[in-house]
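Me: I have a structure open and would like to go through it piece by piece. Can we start with the basic terms?

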Amino acid sequence: MKISIGNDHAAPDYKQAIVEMLEKRGHQVTNHGTDTFDSVDYPDFAHKVGQDVQNSTVDLGVVICGSAQGVSMTVNKYQNVRGAVCWSKEIAGLAREHNNANIICIPARFTSLQQAIGMVETFLDTDFAGGRHERRVDKIACS
């Protein structure tokens with residue numbers, strides 16, 4: 001699977017650990033995030049992940065900032081992108097299963113590193129259920 005990842009200064013350590021986990025699982029990773037704790041603007045990185053998912057150059061995306069709100073707002077500007085703010089494995093699973101989310105948005109300041117890794121694993125391992133959920137997901141995008 002191809003995964004695009006982006007982060008701001010709140011989470012270079014989270015990104016590094018998630019990239020290592022993804023690569024160990026055999027995924028190809030496109031890294032758009034910063035590698036330092038020096039202040040940067042989260043939209044610069046989130047836009048790149050949103051574009052990757054919208055253009056289907058990757059299968060799924062991961063974005064990380066302090067609260068996950070800013071990166072979520074940014075990626076959700078793109079058509080056919082469904083970015084979900086997740087703070088537990090259960091929410092990550094439901095975001096994929098019920099909402100067909102294709103970008104997980106992680107709040108680094110409100111989750112532990114191990115929680116974040118577990119959420120990404122769950123996100124990747126959960127399939128969209130379709131059925132009644134597909135009807136609802138089809139109503140999300142603006143015309």
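Predicted model: local features only at pLDDT ≥ 70, side-chain atom pairs only at ≥ 80, totals over all residues.

Me: OK. Where is Gln 28 found, then?
Reply: Gln 28 is in strand 2, which covers residues 28–31.

Me: What does Gln 28 touch?
Reply: Leaving out residues up to four places away in sequence, Gln 28 touches Met 1, Lys 2 and Ile 3. As for Val 58, it is 30 residues from Gln 28 in sequence, and their C-alpha atoms are 9.0 Å apart in space.

Me: Switching to helix 4. Which of its residues are buried?
Reply: Helix 4 runs over residues 89–99, and Ala 92, Gly 93, Ala 95 and Arg 96 are buried in it. They are on the same side of helix 4, because they cover an arc of only 155 degrees around the axis.

Me: Why would residues a few places apart point the same way?
Reply: An α-helix has 3.6 residues a turn, so residues three or four places apart point the same way.

Me: And what covers the buried residues of helix 4?
Reply: The cover includes strand 3 (60–65), strand 4 (83–85), strand 5 (103–107) and helix 5 (113–125).

Me: Helix 5 is on that list. At what angle do helix 4 and helix 5 pack?
Reply: Helix 4 and helix 5 pack at about 25 degrees, and their axes are 8 Å apart. That angle makes helix 4 roughly parallel to helix 5, because angles under 35 degrees count as roughly parallel. Their crossing is right-handed.

Me: Which residues meet there?
Reply: From helix 4, Lys 89, Ala 92, Gly 93 and Arg 96 meet Gly 118, Met 119, Thr 122 and Phe 123 of helix 5. Ala 92, Gly 93 and Arg 96 are also among the buried residues of helix 4.

Me: What about helix 1 and helix 5, at what angle do they cross?
Reply: Helix 1 covers residues 12–24, and its axis crosses that of helix 5 at roughly 40 degrees, with the axes coming within 10 Å. This makes helix 1 oblique to helix 5. The crossing of helix 1 past helix 5 is right-handed.

Me: Which residues meet in that pair?
Reply: On the helix 1 side they are Asp 13, Tyr 14, Ala 17, Ile 18, Met 21 and Leu 22. On the helix 5 side they are Leu 113, Ala 116, Ile 117, Val 120, Glu 121 and Leu 124.

Me: Back to helix 4. What follows it?
Reply: Asn 100 follows helix 4, and Asn 100 lies in the loop between helix 4 and strand 5. Its phi is positive, near 50 degrees, although Asn 100 is a residue other than glycine.

Me: Where is Ser 56, and what is its phi?
Reply: Ser 56 is in the loop between helix 2 (42–54) and strand 3. Its phi is also positive, about 60 degrees, and Ser 56 is not a glycine. Ser 56 is exposed, with a relative accessible area of 61%.

Me: New topic: how many disulfides are there?
Reply: The count is zero. A disulfide needs two cysteine sulfur atoms within 2.5 Å. For Cys 65, the closest cysteine sulfur is in Cys 105, 8.2 Å away, which is too far for a bond. For Cys 105, the closest one is in Cys 86, at 7.2 Å, again too far.

Me: Are Cys 65 and Cys 105 buried or exposed?
Reply: Cys 65 is buried, with a relative accessible area of 4%. Cys 105 is buried too, at 0%.

Me: Last one. How far apart are Glu 134 and Asn 100?
Reply: Glu 134 and Asn 100 are 34 residues apart in sequence and 8.1 Å apart in space, C-alpha to C-alpha. Glu 134 lies in helix 6, residues 132–137, and is partly exposed, with a relative accessible area of 41%.

Note on methods. Residues numbered from 1 in each chain as written. Heavy atoms only, no water. Buried < 20%, exposed > 50% of the residue type's maximum accessible area, 1.4 Å probe, protein only. Helix = DSSP H or I, 4+ residues; strand = E, 2+ residues; numbered from the N terminus. Arc of directions from axis to C-beta. Contact = heavy atoms within 4.5 Å. Axes fitted to C-alpha atoms, helices over the stretch in contact; angles between N-to-C directions. Parallel < 35°, antiparallel > 145°, perpendicular 65-115°, else oblique. Left-handed = near helix turned anticlockwise from the far one by under 90°.
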